[in-house]
Amino acid sequence: MATAAPSAASRIAVVTGASGGIGAATARRLAEAGYRVVLTARRKDRIEALAEELTRAGHSAVAYQLDVTDRAAVDEFATAFKTIGVLVNNAGGALGADPVATGDPADWRTMYETNVIGTLNVTQALLPKLVAGGDGVVVVVSSTAGHGTYEGGAGYVAAKHGAHVLAETLRLEIVGQPVRVVEIAPGMVRTDEFALNRFGGDAEKAAKVYEGVAEPLTADDVAETITWAVTRPSHVNVDLLVLRPRAQASNTKVHREL
């Protein structure tokens, strides 16, 4: 995929949730596109290993341990930058698949805190740096869950609806500023951890999510799409891009070869 090299003023890209899955894949793609990537996540060992991998490959990468729900820590992190070019709000995740009647409020709260408040924290802290850079991009990695509900998904759906509304409203509020707001909404993506974490480490339940689906999306499919959107010319804003595997027509309609 051919991309334009980022300008000096916009060469720093911050990726949250970069310890695995879509976040790690996005960091790799942005590094290949010429960005100096700043990897953030709670798991320090993972992001340090990725930063080392990228550095060995000739790219520029640094790791910074960060919990996006900790506002004081996020504000402290933001002081390290005068300007940045790209912020990829990827940190998030799902917990449980229980119906509304029996869902765990603690799971709902955690999903909202991570997917919405975490995105808000980092975006608020770094938005002045994006504006100062003169050509910033805020990416919110939401989900097709943010655009349509399904049984057993209300907590996650509510959180991703929140992320979607955050992106949509921010775009309205900062129009005229030199910052684009991009929302990428993936459908079924098979990664090592997403479904496993959702079902509390139950590998059998996690496997059933993808059972019979010939080719779910990969983390790199989403990462390539994010990088494509970020590297469009400055006047081109990809407001919303929904990305699904061919086998998935909607959140509730999936072709399975069983």
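**View A. Arginine 29 and aspartate 220 meet in a salt bridge.** Their side chains come together at 2.7 Å, N to O; a salt bridge here is a side-chain nitrogen of Lys or Arg within 4 Å of a carboxyl oxygen of Asp or Glu. This is a predicted model, where local features need pLDDT of at least 70 and side-chain atom pairs count only at pLDDT 80 or more, while totals for chains, interfaces and linings use all residues. Residues are numbered from 1 along each chain as its sequence is written, and side-chain values use heavy atoms, with hydrogens and water left out. Arginine 29 sits in helix 1 (residues 21-32) and aspartate 220 in helix 8 (residues 219-230), so the pair ties together parts that are 191 residues apart in sequence. Helices (H or I, at least four residues) and strands (E, at least two) are DSSP runs, numbered from the N terminus. Aspartate 220 is partly exposed, at a relative accessible area of 32%; buried means under 20%, exposed over 50%, and partly exposed in between (1.4 Å probe, protein chains only).

**View B. Lysine 44 and glutamate 48 pair up within helix 2.** The closest N and O atoms of this salt bridge are 3.9 Å apart. Both residues belong to helix 2 (residues 44-56), four residues apart, or about one turn of the helix. Lysine 44 is partly exposed at 42% relative accessibility, and glutamate 48 is partly exposed at 39%. In total, the structure holds 10 salt bridges.

**View C. Glutamate 211 forms a salt bridge with lysine 208.** Here the closest N and O atoms are 3.9 Å apart. Glutamate 211 is partly exposed, with a relative accessible area of 39%, and lysine 208 is partly exposed too, with 47%. Elsewhere, salt bridges that share partners join Arg29, Asp220 and Glu224 into one network.

**View D. Lysine 160 is buried yet has no salt bridge.** What is the nearest side chain of opposite charge? That would be glutamate 183, 8.5 Å away; Lys and Arg count as positive and Asp and Glu as negative, with His and the chain ends not counted. Lysine 160 belongs to helix 5 (residues 154-173), and its side chain reaches the backbone oxygen of valine 141 at 3.2 Å. Setting aside neighbours within four places in sequence, lysine 160 also has Asn115, Ser142 and Gly146 among its contacts, where contact means heavy atoms within 4.5 Å.

**View E. Val37, Val139 and Ile226 have the most contacts inside the largest nonpolar core.** This core has 37 residues; a nonpolar core is a set of buried Ala, Val, Leu, Ile, Met, Phe, Trp, Tyr and Cys residues joined through side-chain atoms within 4.5 Å. Apart from it lies another core, of 25 residues, including Val68, Leu127, Val138 and Val140. Beyond its neighbours within four places in sequence, isoleucine 226 touches Ile22, Thr26, Val88, Val139, Val141 and Ile184.

**View F. Strand 2 (residues 36-41) is largely enclosed by the rest of the structure, because five of its six residues are buried.** Strand 1 (residues 12-15) pairs with strand 2 in the parallel sense over four bridges; two strands pair if DSSP finds at least two bridges between them. Isoleucine 12 stands opposite arginine 36 of strand 2.

**View G. Alanine 249 is exposed.** Its relative accessible area is 58%, and it lies in strand 8 (residues 248-250).

Technical notes
Polar contact = N/O pair within 3.5 Å; in protein donor to acceptor, adjacent residues only side chain to side chain.
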